[in-house]
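Please look through the structure below before reading on. The briefing then takes up its core, its surface, some loop residues and its salt bridges.

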Amino acid sequence: MGTKEFKTIAEQIELLKSRGLQITDEQLAEEFLRNTNYYRVSGYSLTLRNHDVFYESASFQNIVDIYRFDHELRHVLLKYIEQIEVRIKSIYAYEFARMYGSLEYMNSSHFTDPLEYVGIMAKANDQKTRSLQHEAFIQHYVIDLQEDMPIWAYIELFTLGDISKLYHISLPELKTVIANQFGLHMNMGPVILGEYLYSMTTIRNFCAHGNRLFNRLFIRKPSLNSKEKGLLIKSDDGTIDNSHLYGFVIMMRRLIDHTSFEEMKAEVIALHKKYPFVSMRYYGFRDDWEQLL
């Protein structure tokens, strides 16, 4: 079994230089590699090289710009995905309580998959126990009132992934009402919303855990209608690019209000102006995306 030889930061820099990468500020390179990890950085240099040989114009500053842009973009997206999470929790709790009652979430008959339901609830109850000492809203019900939490409070124990799973196993009548709140009035609306929530969970996890979005192809593509697919990059043979981040950004228009989406768009535009070297096409954005989106 082969092993990789350990290299010091100085040796890593010399290796990059030997492969043709321009490094004019070695102190910057040393600090960046020490704080970021050579292996992690390598993923941001893929578009600057052919295998292990860098293109003639490629510089270490290019890698830094791509990395920082990606980092800041993740934080922009997280801010607006949080809005989506808050909105779906609010709508779900309201419609569930209106339809079934404030404590009926404890009744498995309102869900289509008993085993999945048990797992979701076990995780939430574990979160309630672990958060009891520092969450005032949990203390209010558990200690002060000594009663079960109504769903509009209990739902705050759920992550976006949890609420996505809970929605998936909810009864059709509830899913339809919730999908309608997001403007999905067609017959497939509940299914489409379920796919949206799954997709947002995927992007949220990538952003929260610092995973690279730059030049990433997503295996599970976002669900877009024909008009939305028309906003994607199209190759000469008619193939559309629905594997990069841009499709998920288009999807977010359905899940947050118009004002918030415009604010997010403005932040992405400002970010691109801050790092003009970074090509938005590596995120799947068309050159004219600002006018079309």
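Which residues touch the most other members of the largest nonpolar core? They are L77, Y92, L193 and L245, in a core of 93 residues. This is a predicted model, in which local features need pLDDT of at least 70 and side-chain atom pairs count only at pLDDT 80 or more, while totals for chains, interfaces and linings use all residues. Residues are numbered from 1 along each chain as its sequence is written, and side-chain values use heavy atoms, with hydrogens and water left out.

**Overall make-up**

- The protein has 14 helices and two strands; helices (H or I, at least four residues) and strands (E, at least two) are DSSP runs, numbered from the N terminus.
- The C-alpha trace spans about 65 × 50 × 40 Å along its principal axes.
- Of the 293 residues, 45% are buried; buried means under 20% relative accessible area, exposed over 50%, and partly exposed in between (1.4 Å probe, protein chains only).
- Among contacts (heavy atoms within 4.5 Å) between residues at least 6 apart in sequence, 68% join residues at least 24 apart.

**Nonpolar core**

- A nonpolar core is a set of buried Ala, Val, Leu, Ile, Met, Phe, Trp, Tyr and Cys residues joined through side-chain atoms within 4.5 Å.
- In the core of 93 residues, the largest share, 18 residues, comes from helix α4 (residues 60–99).
- Beyond its neighbours within four places in sequence, L77 is in contact with C207, L213, L245, V249, M252 and M264.
- In soluble globular proteins, nonpolar side chains tend to be buried together.

**Buried residues in a loop and a helix**

- N242 is found in the loop between α11 (226–229) and α12 (246–252), and counts as buried because its relative accessible area is 8%.
- Not counting residues up to four places away in sequence, N242 touches K221, P222, L224, L232 and G247.
- A polar atom of the N242 side chain lies 3.1 Å from the backbone oxygen of P222.
- S243 lies in the loop between α11 and α12 and is buried, with a relative accessible area of 15%.
- D162 lies in helix α8 (residues 160–168) and is buried at 5% relative accessibility.
- With neighbours within four places in sequence left aside, D162 is in contact with I120, K123 and L157.

**Salt bridges**

- The structure holds 15 salt bridges, each a side-chain nitrogen of Lys or Arg within 4 Å of a carboxyl oxygen of Asp or Glu.
- Side chains of opposite charge can pair when their charged atoms come close.
- E85 forms a salt bridge with K89, the closest N and O atoms being 3.0 Å apart.
- E85 and K89 are four residues apart in helix α4, so about one helical turn separates them.
- E85 is buried at 15% relative accessible area, and K89 is buried at 6%.
- In the salt bridge between E228 and R254, the closest N and O atoms are 3.1 Å apart.
- E228 lies in helix α11 and R254 in the loop between α12 and α13 (258–274), so the pair ties together parts that are 26 residues apart in sequence.
- E228 is buried, with a relative accessible area of 5%, whereas R254 is partly exposed at 23%.

Definitions and conventions:
Polar contact = N/O pair within 3.5 Å; in protein donor to acceptor, adjacent residues only side chain to side chain.
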